[in-house]
Amino acid sequence: VRRAFRRTYDVTDLAMGAADVLRSNDIGTMVTAAPALYPHMWSWDAAFISIGLAHLGVDRAGQEIRTLLAAQWADGMIPHIVYGDRGGYFPGPGRWGTAELSASAPQAPLTSGICQPPVHAIAVGRILEVARRGSAEDRAAGEQLVRDSWDALYRWHAWLSQYRDPDGTGLIAVVHGWESGMDNSPRWDQPYTAVVPGPDLPPYVRLDRELVRDGAERPTDLEYDRYLWLIEEMRRASYDPVKVYDTCSFLVADVFVSAIFAVASDVLADLGEEFGQPAAHVAELRTWAARSRAAVAASCHPETGLARDFDRRTGQWIDVETLAGFAPLICGGLDADAERALLATLHGPRWAGHPELVAKVPPTVSPDSAGFKSREYWRGPQWPVVSWLFGWAHARHGHTAAAATLRTETLKLVGDGAFSEYYEPVTGEALGSRMQSWTAAVILDWCT
Ligand code: 2M8
């Protein structure tokens with residue numbers, strides 16, 4: 001029996017609720033990704049969070065970006081977790097051991113040893129837009145942020161290009177499912193079969209199990225063993241990016257990360273031109289953007305039109321249908337007919353327009369797909385932050401009506417004011433962490 005879903009929302013109330021979440025998760029030096037489940041700074045969360053913060057104060061938004069960039073490794077990598085001084089999360093800094101093992105890693109703050117999707121230039125660009133709608137001080141703070149962060153962001157993109165696409169294919173590789181941000185997506189099931197935890201995997205205790213009561217909303221223990229085993233492999237390579245690329249048992253060219261890299265490189269190049277940054281660096285960013293955009297388009301399956309990841313260890317395309325297949329809508333690069341067709345698929349009856357869904361928001365896996373699990377993390381639920389990213393990209397590529405629909409439908413989904421990490425698509429139930437900062441941040445951006 002379908003539960004009637006009639007969630008009404010008030011934009012002003014939602015904005016106020018979202019601002020409260022960001023303020024209450026602010027521990028001074030950083031806004032934690034979530035109050036209990038994620039009590040530290042995550043790289044791509046921080047970028048989205050800073051967009052929300054811009055509506056509360058451009059200076060505070062800039063501080064969040066600066067805190068993240070202060071943890072950038074000497075070689076250019078922006079780490080996926082910057083640890084605050086609270087514990088409460090596993091794996092913590094001791095498990096990674098980056099400060100002891102890698103000469104590139106900072107001694108303070110302590111960080112993890114992998115990265116996450118490069119959405120940061122998108123965030124800085126959006127903060128500047130918000131700043132320019134505000135006072136003279138806001139405007140100045142926004143412009144100063146661009147000047148202060150541009151070179152660090154350029155070095156971050158250069159790191160991805162050099163170490164994660166050493167052959168210049170345009171597809172950026174990830175060495176851990178966590179780097180994709182979509183940790184347990186069915187995209188990674190096949191490559192993870194090659195990750196075989198050894199008997200010397202040090203014992204560990206998961207903390208997430210105690211915080212999310214329904215275990216079905218989180219990855220399985222087998223998945224966790226593999227996540228932790230990859231850390232052991234990287235420790236053995238001392239986090240040297242060349243050694244990691246050559247030896248890690250998980251190496252997949254990630255089409256969604258590549259699309260984000262392409263469009264973020266263009267945003268960064270635009271900012272670089274406007275703010276008088278070195279022409280040679282701007283030109284490199286344009287080259288990377290064009291190359292990755294073309295590679296994302298070329299990855300599309302000839303029949304479904306969906307973009308695909310490529311397993312670099314086996315040399316195989318990964319033919320698994322997930323939301324990441326819509327990567328070309330993030331970066332552009334398809335011809336007009338193909339782009340229209342892909343947009344229609346995303347908003348059509350197999351995806352966001354699926355008749356069973358309570359809100360026309362894309363699920364992470366289609367309910368019609370064999371791999372769909374309605375409550376299980378990145379295997380089906382709707383993630384407001386991902387919808388915001390598609391909405392932002394739709395607006396950038398001129399799909400104004402589709403962008404507006406994503407906004408109103410997502411607001412309907414989150415109308416309960418829980419600001420959950422993800423939502424059950426058929427019932428609209430809030431899942432995972434409540435008061436998740438990036439959910440609040442994108443809602444605040446949409447409501448202001
Ligand atoms: C989730 O990932 C972390 C590991 O990085 C976890 O499950 O413990 C993912 O949703 C990731 O994309 C996100 O950045 C992070 C914090 O919100 O949580």
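## Helix α17 and the residue after it

Just after α17, G398 takes a positive phi of about 85°. This is a predicted model, in which local features need pLDDT of at least 70 and side-chain atom pairs count only at pLDDT 80 or more, while totals for chains, interfaces and linings use all residues. Residues are numbered from 1 along each chain as its sequence is written, and side-chain values use heavy atoms, with hydrogens and water left out. Helices (H or I, at least four residues) and strands (E, at least two) are DSSP runs, numbered from the N terminus.

Helix α17 covers residues 384-396, and its end C-alpha atoms are 18 Å apart. This agrees with the 18 Å that its 13 residues should span at 1.5 Å a residue, where the expected span is 1.5 Å times one less than the number of residues. Of the 13 residues, 11 are buried; buried means under 20% relative accessible area, exposed over 50%, and partly exposed in between (1.4 Å probe, protein chains only). Among the buried residues are W388, F390 and W392.

The axes of α17 and α18 lie 8 Å apart, at an angle of about 160°. Such an angle makes α17 roughly antiparallel to α18. Axes are lines fitted to C-alpha atoms, for helices over the stretch in contact, and angles run from 0 to 180 degrees between N-to-C directions. Angles under 35 degrees count as roughly parallel, over 145 as roughly antiparallel, 65 to 115 as roughly perpendicular and the rest as oblique. The contact (heavy atoms within 4.5 Å) is made by P384, S387, F390, G391, H394 and A395 of α17 and by T400, A402, A403, L406 and T410 of α18.

Helix α18 (residues 400-413) also meets helix α19 (residues 437-447): their axes come within 11 Å and cross at roughly 125°. The two helices are therefore oblique to each other.

## The four-stranded sheet

Four strands form an open sheet in the order β3-β4-β5-β6, with antiparallel pairing. Two strands pair if DSSP finds at least two bridges between them. The edge strands, β3 (173-174) and β6 (316-318), each pair on one side only. Between β5 (residues 309-311) and β6 there are three bridges in the antiparallel sense, and F310 stands opposite W317 in β6.

## The loop residue G170

G170 is located in the loop between α7 (136-164) and β3. The residue is buried because its relative accessible area is 0%. Leaving aside residues up to four places away in sequence, G170 touches D165, S258, R291, S292 and A295.

Helix α3 (residues 58-70) reaches 18 Å from its first C-alpha to its last, close to the 18 Å expected for its 13 residues. Its buried residues include V58, I65, L68 and L69. Among the elements that cover the buried residues of α3 are α2 (43-54), α6 (120-132) and α7.

Helix α11 (residues 221-236) has 16 residues and reaches 23 Å, close to the expected 22 Å. Y224, Y227 and W229 are among its buried residues, and the covering elements include α10 (208-211) and α12 (241-247). After α11 comes S238, with a positive phi near 50°.
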